[in-house]
Structure formats: C-alpha cells, structure tokens
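Please keep the view open while reading.

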Amino acid sequence: MAAHFSSTSPVRSIFSPIRSPLQSFLSHSGCFQKGHDCFKFRSCNFNLYSLSSAASYSIVKLSSKPFVVNPLLRKRVGIVRCATIEEIEAEKSSIEKEAKEKMEKTIETVRTNFNSIRTGRANPAMLDKVEVEYYGTPVSLKSIAQISTPDSSSLLIQPYDKSSLKAIEKAIVNSDLGMTPNNDGEVIRMSLPQLTTERRKEFSKIVAKQAEEGKVAVRNIRRDALKAYEKLEKEKKLSEDNVKDLSSDLQKLTDEYMKKIDSLFKQKEKELLTV
C-alpha cells in the first residue's frame, strides 16, 4: 500500500531525517524508499510521534480513505510493538536456562565447601579453598602444585615451582585446616590428626549450615525466575495460565536441586561421623 500526501501546508515529521516536507510521515526501519514521495509498509509495528502543521488540519490519504491528523497531538502517544512467538519462546528459554545454570553453580559451591572440611580420611579436595600468594597474586594451591594421598591419613604436595614452597607452607598455616605442614625443601607433607568426637560434631554443624545456605541460594534463583515470568505476563507476552505452568515446572526444578543438596549433606555427614 502506498501513502500519498495532500495538504496546502508542509507536513513535518520527526520520524526520520527529512530533506523535503514530503519525504517522511510514518516510517519503519527498512520501509523508506529513497528518492520517492511514498512509503511501502512491510510491517504493522511502528512508532507514533507528534506531528505539526501550519494548517488547521493535515490530511493524509491512504488509498481512497482520508486520515485526518489533529494538530493538537503534540506529544509522543505510544509505541506499537507486537512480539513474535519466536521472541517470546527465546525469552522464556533464556529464563529457564539461566535458572538451571545458576542452580548447578550453587551445587558446585556446596560441594566445594563440603570438600574443604576434612573427615577422618585424607582427600586432595580438602585443599581446594587454600589460596597461595604467588608472585604477588593469590592463586589456588591446586593450580601451582600436584596434591596426592600416599595413604589414608596424609597428604603430599609437590609444587611445580620449588620457589613457591615457603608461600604454600604459609598459606596452609594461615588456613583453618588445623594441620601442620612439613617442608623438606622438595615437597610438603601433612599428616591428618585424628578427629575427636567433639570436633566431628562441630564440623557436622558447619556442614549443615552450608547446606542450608545452598538451599536459600536455590530458592532465591527460583524467586528471580518467577519475577522474570511475571514481567513477561505484564508485557502481555505470556498468559496467566502460561505463567502457572512455567511456575510449576520451575518448582519441580527447584525440588530436584534441593534433593541434590540433601544428598550431598547426608553423604558428608556420614563421612564426618564415621570413626
């Protein structure tokens, strides 16, 4: 459809830069045909802006039907934008994917925290949270040394750079591991002291607290995802029933990750209380 202009006075539009009064009235990205005094409309999505005219009224003829523009319309009155099904699906999928990724990261954080708490058996993961000041930069111990377990009650640390031995020893002493490193100039050896019953119970309480913190993080991720769905509903991109269905699916995902945290907690608690 072509739009033709009929007026004794110039019509000025702020939709796009104009070189002559007739070059712009209603425009959409990609619709302006340069060098012609008409426009072809390829989409129903456009912005409606204020118009002005020296005449009392400016008349725009769309085919055989006239469209009258009142000069009192001085302000931008709104934006017409209809999201496509593909765009809505993309937004919905993005929310779901982000929620799942964040919950997965929460599980990894809980697992790392649990591994840093020692049980009765030696485990290289106990040193995962130890950071070493290496040439002025804090780095994880496992990134600059090989950690192994010669037996069930000792750890062996072999640095890739022997000049870092003292820095590694200092980091272990300053950590909350409660172990004394033995530096022989080549490697560092550590023996795990036997855990007392009281100490095991204290560690069990710490693990329980960390598990609850993980659950709170998962609930917060669920809350943020729900808010994102509700925002789409307010924008009329999702119906109320859509949001209910998505909320139900999100709750199932939340329950799944809650069970994962419970499983990690029970496993760690069992390790701690087993003498």
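The points below go from the whole chain to single residues.

1. Overall make-up. This is a predicted model. The protein has 275 residues, and 33% of them count as buried. Its secondary structure comprises four helices and 13 strands.

2. Surface and contacts. The accessible surface comes to about 17500 Å². Carbon and sulfur atoms account for 52% of that surface. Take the contacts between residues at least 6 apart in sequence: 58% of these join residues at least 24 apart.

3. The helix pair. How do α3 and α4 run relative to each other? Helix α3 covers residues 197-234, and helix α4 covers residues 240-273. Their axes come within 10 Å and cross at roughly 170°. An angle over 145 degrees counts as roughly antiparallel, so α3 and α4 are roughly antiparallel to each other. The residues of this contact divide into 17 nonpolar, five polar and 10 charged.

4. The hairpin. Strand β8 (residues 131-134) and strand β9 (residues 137-140) run antiparallel, joined by four bridges. Y134 has T137 in β9 as its bridge partner. Two residues separate the strands of this hairpin. Look at Y135 in the turn: its phi is positive, about 50°.

5. The open sheet. Four strands form an open sheet in the order β10-β11-β13-β12, with antiparallel pairing. Which strands stand at the edges? They are β10 (145-151) and β12 (182-183). Each has a single partner strand, so one side of each is left without a neighbour in the sheet.

6. Inside the sheet. β10 pairs with strand β11 (residues 154-159) in the antiparallel sense, over five bridges. One place to check this pairing is S148, whose bridge partner in β11 is L156.

7. The helix across the sheet. Helix α2 (residues 165-174) lies across β10, β11, β12 and β13. Strand β13 covers 188-191, and α2 runs at about 20° to it.

8. A loop residue. T180 lies in the loop between α2 and β12. Is T180 buried or exposed? Its relative accessible area is 66%, and the cut-off for exposed is over 50%. T180 is therefore exposed. T180 still touches R189 and M190, not counting residues up to four places away in sequence. T180 and P193 are 13 residues apart in sequence, and their C-alpha atoms are 9.4 Å apart in space.

How values were computed. Residues are numbered from 1 along each chain as its sequence is written. This is a predicted model: local features need pLDDT of at least 70, side-chain atom pairs count only at pLDDT 80 or more; totals for chains, interfaces and linings use all residues. Side-chain values use heavy atoms; hydrogens and water are left out. Axes are lines fitted to C-alpha atoms, for helices over the stretch in contact, and angles run from 0 to 180 degrees between N-to-C directions. Angles under 35 degrees count as roughly parallel, over 145 as roughly antiparallel, 65 to 115 as roughly perpendicular and the rest as oblique. Ala, Val, Leu, Ile, Met, Phe, Trp, Tyr, Cys and Pro count as nonpolar, Asp, Glu, Lys and Arg as charged, and the others, Gly among them, as polar. Buried means under 20% relative accessible area, exposed over 50%, partly exposed in between (1.4 Å probe, protein chains only). Contact means heavy atoms within 4.5 Å. Accessible areas come from the Shrake-Rupley method with a 1.4 Å probe; for residues, only the protein chains shown count as cover. Two strands pair if DSSP finds at least two bridges between them.
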